[in-house]
Structures are given as structure tokens and as C-alpha cells.
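I set down what I looked up, entry by entry.

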Amino acid sequence: MKNKEVANLLYTIADLLDIRGEIPFKTRAYRTAAQTIENLDEDIEILAKEGKLETLPGVGKAIAKKITEYIETGSLTFFEKLKQEIPEGIIELLEIPGLGPKKVAALYNKLGIKTVEELKKACEEGKLRGLDGFGEITERNILRGIQLKEKTQGRFLLNLAYENGSRYVEYMKQLPYINKISIAGSLRRMKETIGDIDILVSSDKPEEVMNHFVAYPEVKQVLLKGRTKTSVILEDGIQVDLRVVEEKSFGAALQYFTGSKDHNIALRGIAIKKGYKLSEYGLFEKDTDRYVTGETEEEVYRTLGLSYIPPELRENRGEIEASLNNSLPNLVTYEDIKGDLHVHSKWSDGLNTIEEIAIKAKELGYEYIGIADHSQSLKIAKGLSEERILSKIEEIKKLNGEIEGIHILCGTECDIKQDGTLDYPNAILKKFDFVVAGIHMGFKMTREEATKRITTAMDNEYVNIIAHPTCRLIGRREPFDLDMDEIFEKAVETNTYLEINAFPDRLDLNDIYCKRGKEMGVKFVINTDAHSITHLPYMQYGVATARRGWLEKKDILNTLPINDLKKVIRC
Ligand SMILES: [Zn+2]
Ligand SMILES: [Zn+2]
């Protein structure tokens, strides 16, 4: 599917038009179309072939024509010309968190800044503060944005890597010469960002495997092609390394290439103590070099006297000790999840009706789905006024009577105001089945202020869940500076569930906070924060984060069946 690619192209066109000073009406059209395509269920290439692009909301004749040209030829004359009018570095400036096209245009037109280097220098020399709409704080924020960008440079969000990796593995399986195949590396450990994708195969015909690998239609460039290792870059920009090994080494190689480095160092230490040598080729007797085992990971761990360690735990954060004394957690699985309690509908800034969401949730096998739209102050996200809440509650009541096999719950994602009070009075809050509370405005706070804001919200008796507690956006916004131990203590005291927001650029709380919170007795809920039914499957990334944080079924609210859930929340 080229949906993401086409959406990105349209977003970039809109930005460049903004920089050129085009009228807002025109640039808005590109952004609307980009948004539609980004969230589309169907394949844009098929729609283009069938001439159906103009049936999409927000896609007019002119844009449809451009999309068709891009899909048919792989490039777009209009875009190429536009790029020539604007210096190359400008597109890179647009990728800095917090810098929109308007600011980039001002920097370019007034100060002649056209590269990240020039921008950095100008910030450090205090040259921006003279410009209209810029100040010392803007300079500091831009510098922090540049740092953030450098830190995540060349890394990809988990969902992009996971989707690409899964598609590639499916394609590889078409070849009959493949005995075993698995994703390895940080993707197998489901880290929040991924540098490159590792795939491991066992086969007696490595040459055929390599030929098939480089013939994958999404390959943009072959970096190297050998008998045991081949590397390519995909259309999405991500690098994939394939290794082919012998059957008897597959388990040892999978263990080795899954990592992490720290986990493997510790494991090799145990091997040596027991008189073995562990490498990507297998487990060998140290003195005689005799092959002991290596065909499966399970055997490798067992021979070393360890119980099997799930890949998500392999970070050397105590998993080896826990494995040695048989106290590894029984990790939560995707199948344990019974519903999602943070989904936006058309009532606020979501793309789908509650009915569409309910039907999709049923398809996913859920028992319940919680619609949590924004509250009144969030005008930009069409937050609900008190009157509209009553109509929404009515609609849900009606739908619950009509649709069988799924319980629709009416919640809210209520904004937490600067002083920690909520955006609705308690008289309104008590009308909901459950209340998710989160911060969406006023991000500039000291550690004390931010911690107090959240703990005060937890003191409200109607608050069940704190949404995306640290409010980070991976690669774009740093997490709040919070006293997490204080937050965990308050969560336990007030019986508030902390969210693991499964949206791939959030994954908030992260794995480390999950583990720490659990040790302090905190309970969690895994929600997607879906704004489209295409986001509902993101649940798996939240589950992966929970697993990386050592969480079990009993730690997670939405593993409860509906009847038990009802005892915990008001519905
Ligand atoms: Zn939110
Ligand atoms: Zn939300």
C-alpha cells in the first residue's frame, strides 16, 4: 500500500506551498486530502486504477490527477518543479519538532536560513528573537527540537517497522526452500523505535533465498548481496538485513541476533561458567569445541539451566536472575485483551461513527468498547459541550439495543486543567460510564507543577484512568518532567489506572515506567487512543510495551470480562 507515501507527499506539497506564500485555502486542500488518505482502509493504488479517487472526501479533480500521475509514474512533475523553487535544506527544516511552515518561511525570507546548521547557529547567536513571533523561548525550543531530531535520526516507529517486517516475512514464505524464518533484533523485542529490521532464515539453498529476497517489489536499493547476508533499503526508507544459516544453528543465531547486547553478554557469562561457549553458530563445549545444541532457542536456554525468556524481556533488567530462579512473569498477551477504553468518535475529532467503531471492535473479538471523546475546552478537537454529552449518551443507549455481541460504554477524555481540576463539573462526570483524564494544553510546567496537576486530578473520585501520563510524542515532544514515584503512590492510593497509550508515537507509559509502577502496586489499562477504526489494531503495540514492562494479565484493567469490569468502573 502506498497510502502513507502519498499522504506524506501531499503534506510536503502543502508545507512547500505555505513557504512559497500560497493562499491558505489551497494548502488546506492538500492537507485535508492527505489526512483522508492517511486514514484510509482501502488501497490508494487500486482506487487510482479504478478512477475512484474523487469519491474520497476532500479529494478534488486536481489533486486526484496528481495522485494518479504519482502512482503511475513514481514521480510528480508539479512537486519536482515546486522543489526546484525552494532550497533543498528547507524540507529538512520542516522535520524539526515545533517548526511549522509559517516559521520556516519567516526564517528563510527574513534571515535567509535554509539549513539545520544555519538555524542552529542563528539560535545560539540569539538572532531569532528580533523576528515577529519569535523570542528567547522559541530559540530554546528550536534548539531542543534539533537535538530531539538528531537523537531519533534514522530510527523508525515500531508500527512502521512491524508492518514492513511482517509483510516481508509473508513474502519470503512463498519460497519453498525456506525451512524456518523469524524476525530478530530490536523488532522482535518490540522496542519503541527500530533502527533496522533483521530477518533470519534457515535453508539449504541460500542463493535462491537471497535472489528471492532482493526481488521483493518494495526494495528500493540493494546495499550488499552475499551468501549468508544481504541488506536492502525499502521504499519506506528502512534497512532490512537477511541472514541465512544452517538448520543446526538457527536457534543459536536467533538468540544471538535478537539481543539485546547486554542480555547476550550476561548469557555468554553463564555459558562460560557452565563450561560452554555460546555463539551465533551454537552452544559448544568449551574445551573440546564439540557442538552441544543450537537448533532452537528453547534448547539453548534450557541447556544453560534457564527457563525460556520471551524476547520482550531480553534487556538485562533482571530477567536472567528471574529465569534462573523460576520467577519470570507470565506476560499479558493480545488474546487477554477484552476491550479498548479510549477511542474517539465523530462526536469529537475521530473519523468514524460510534456504530462503525462498535462493529469493528466486535470483529476484533472485543467484549466492550469505550468511546472517550474530548471535553468542552478542547475546541480544536471539537470537545463536547454538556448538552451534546446527553445526546451522545442517548445515541449509545440506542446502539446498545441494536447491536448485539458488544457493549458500548460512554466515557470521556476529560481535559485536566492547569490547576488539576477537570474540564467538567462532577455533576456531569458522574453521567459517564468511565472517565479518562489527560493533559492537552499548557505543557510548560515545572516538575512540581506537572506532578501536582496529575495527582490532583487523581484525587477526583470520578477519574478512573490517566491518559498518556507523560504526554511525550516520540521524536517530537519530550515527556513531562514528573516525580513518577509520587504519581505511582497516588495511583495506588486513589485506585486510578494508568494508561499505556498504544498509539505508536506515544507508547506512554513506557516499558521502564510499567515495570517500576508494577513494583509499587500500580494497575494499568492498555488503550489505543484510536481516532479511526484503522488505529484499533495498534492495541498490539501497547501489549508489547506492557510485556516489555513485565506486566501480567492481572495488572491490566481491560483484560477483565465485562461483568468484572462493571464492578470496577461505574457502567
Ligand atoms: Zn489525549
Ligand atoms: Zn485521546
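**Entry 1: Ala-467.** I began with the surroundings of Ala-467, which touches His-342, Glu-413, Val-436, Ala-437, Gly-438 and Glu-499, leaving out residues up to four places away in sequence; contact here means heavy atoms within 4.5 Å. I note that the model is a predicted one, in which local features need pLDDT of at least 70, side-chain atom pairs count only at pLDDT 80 or more, and totals for chains, interfaces and linings use all residues. Side-chain values use heavy atoms, with hydrogens and water left out, residues are numbered from 1 along each chain as its sequence is written, and chains are lettered from A and ligands numbered from 1 in the order in which they are written.

I placed Ala-467 in the loop between strand E15 (465–466) and helix H21 (484–494); helices (H or I, at least four residues) and strands (E, at least two) are DSSP runs, numbered from the N terminus. With a relative accessible area of 2%, Ala-467 is buried; buried means under 20% relative accessible area, exposed over 50%, and partly exposed in between (1.4 Å probe, protein chains only). I also computed its C-alpha to C-alpha distance to Asp-508, 41 residues away in sequence, as 8.5 Å.

Entry 2: Glu-413 belongs to strand E13 (residues 407–415) and His-440 to the loop between strand E14 (434–438) and helix H20 (447–459), so the pair ties together parts that are 27 residues apart in sequence. I recorded both Glu-413 and His-440 as buried.

**Entry 3: Ala-530.** I located Ala-530 in the loop between strand E17 (524–527) and helix H23 (539–548). Ala-530 has a relative accessible area of 1% and is buried. Beyond its neighbours within four places in sequence, Ala-530 is in contact with His-342, Val-343, His-344, His-535 and Leu-536. Its C-alpha atom is 14 Å from that of Val-436, 94 residues away along the chain.

**Entry 4: helices H7 and H2.** In helix H7 (residues 101–111), I listed Pro-101, Val-104, Ala-105, Ala-106 and Leu-107 as buried. The buried residues of H7 pack against helix H1 (3–20), H2, helix H6 (89–93) and helix H8 (116–124). Just after H7, Gly-112 has a positive phi of about 70°. I then turned to Thr-36, which sits in helix H2 (residues 24–38) and counts as buried at 17% relative accessibility. Apart from neighbours within four places in sequence, Thr-36 contacts Leu-56 and Pro-57.

**Entry 5: the whole chain.** I counted 24 helices and 17 strands in the chain. Its radius of gyration is 26 Å, close to the 25 Å that the globule rule gives for 571 residues, so the chain is as compact as a globular protein of that length; the radius is taken over C-alpha atoms, and the rule is 2.2 Å times the number of residues to the power 0.38. The C-alpha trace spans about 75 × 60 × 55 Å along its principal axes. Buried residues make up 53% of the 571.
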